[in-house]
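Q: I am new to this structure and would like to learn how to read it. Could we go through it together, one feature at a time?

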Amino acid sequence: MPPRPTRTRRSGIRIVGRALTCAVFALAGLLFYISAQTARGTDLRTDNSLLSLGDVIRQRSAQNQQAQAQLADLQARAQALTEQGSQNPADTARLDGLRLGAALEPLQGGGLTVTLNDAPPNATARIPGVPEPGVNDLVIHQQDIQAVVNALWRGGAEGVQVMDQRLISTSAVRCVGNTLLLQGRVYSPPYVVKAVGKTDDLRAAVDGDPTIRNYLRYVQAYGLGWKVQESGDLTLPGYSGTTDLRSAGGQQ
């Protein structure tokens, strides 16, 4: 039989056990402290503080709308001060011309209204021999809206409006997912583009654009929305946002 452990050996084992227990508790306390400092009073497992891209866009859109309203008020005050300080008719006429060319003044006249829309989500091929559509075949893409805007400019448009916003030289039409991001605001389809100019020239430019012709093939095949309306009396609002160029790609 093995010899019984002596009292000294048993005492040493107890001391080692207590030391290990204290070390474990100390390590656990350190981990809790680090976790609390990292969380700063929040739940580390929650994702409430993690905003999706769509949430961020909507939040920025609301902020931009408030900023644009404030800017419009300041521009109106500046215009009033300018009119009070300028008594020279030549200067006033030149200023009006510059504001009209910069799309800062409302524009009225004949023109076109072009509407693009997504196809129904359950759409199927309408033409024999055409493959069944994928998800991307049924939605409006950035290049579709850009093609319409560019065609209208080429057709001699005096001014172009997308949704409720007048376009200026630094405007950029961009899509994020299935939404349109324009000058800091977010829009969903249907997308409406208006242009003031000679109706015949505008329509000829739209009809002759190769990107639009390709889009019209999808209209026939899968039911994407497309409507072109002529009007003898369109009114486009003046642009009221910032005119600063923020990047090489223009404003968003």
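A: Gladly! This is a predicted model, so let us begin with confidence. Over residues 245-250 the pLDDT stays under 50, and the model has 7 contacts there beyond four places in sequence. Residues 95-101 also stay under 50, with 8 such contacts.

Q: What does the chain average in pLDDT?
A: The average is 76, and 54% of the residues score at least 70.

Q: Now the sheet. In which order do the strands lie?
A: In general, strands of a sheet pair through backbone hydrogen bonds, either parallel or antiparallel. Here, 5 strands make an open sheet, ordered E3-E2-E7-E1-E8, with antiparallel pairing.

Q: Why is one side of strand E3 and of strand E8 left without a neighbour in the sheet?
A: E3 (165-166) and E8 (225-236) stand at the edges, and each has a single partner strand, so one side of each lacks a neighbour in the sheet.

Q: How many bridges join E1 and E7?
A: E1 (residues 107-117) and E7 (residues 191-196) pair over 6 bridges, in the antiparallel sense. To see the pairing, find Leu116, which stands opposite Tyr191 in E7.

Q: Which strands does helix H5 touch?
A: Helix H5 (residues 199-208) packs on the sheet and touches E1, E7 and E8; its direction makes about 25° with that of E1. Helix H6 (residues 210-222) packs there too, touching E1 and E8, and its direction makes about 125° with that of E8.

Q: Which residues touch the most other members of the largest nonpolar core?
A: Among its 34 residues, they are Leu152, Val160, Val162 and Leu180. Helix H4 supplies the largest share of this core, 6 residues.

Terms used: Residues numbered from 1 in each chain as written. Predicted model: local features only at pLDDT ≥ 70, side-chain atom pairs only at ≥ 80, totals over all residues. Heavy atoms only, no water. pLDDT = per-residue confidence, 0-100. Contact = heavy atoms within 4.5 Å. Pairing = 2+ DSSP bridges. Helix = DSSP H or I, 4+ residues; strand = E, 2+ residues; numbered from the N terminus. Axes fitted to C-alpha atoms, helices over the stretch in contact; angles between N-to-C directions. Core = buried A, V, L, I, M, F, W, Y, C linked by side-chain atoms within 4.5 Å. Buried < 20%, exposed > 50% of the residue type's maximum accessible area, 1.4 Å probe, protein only.
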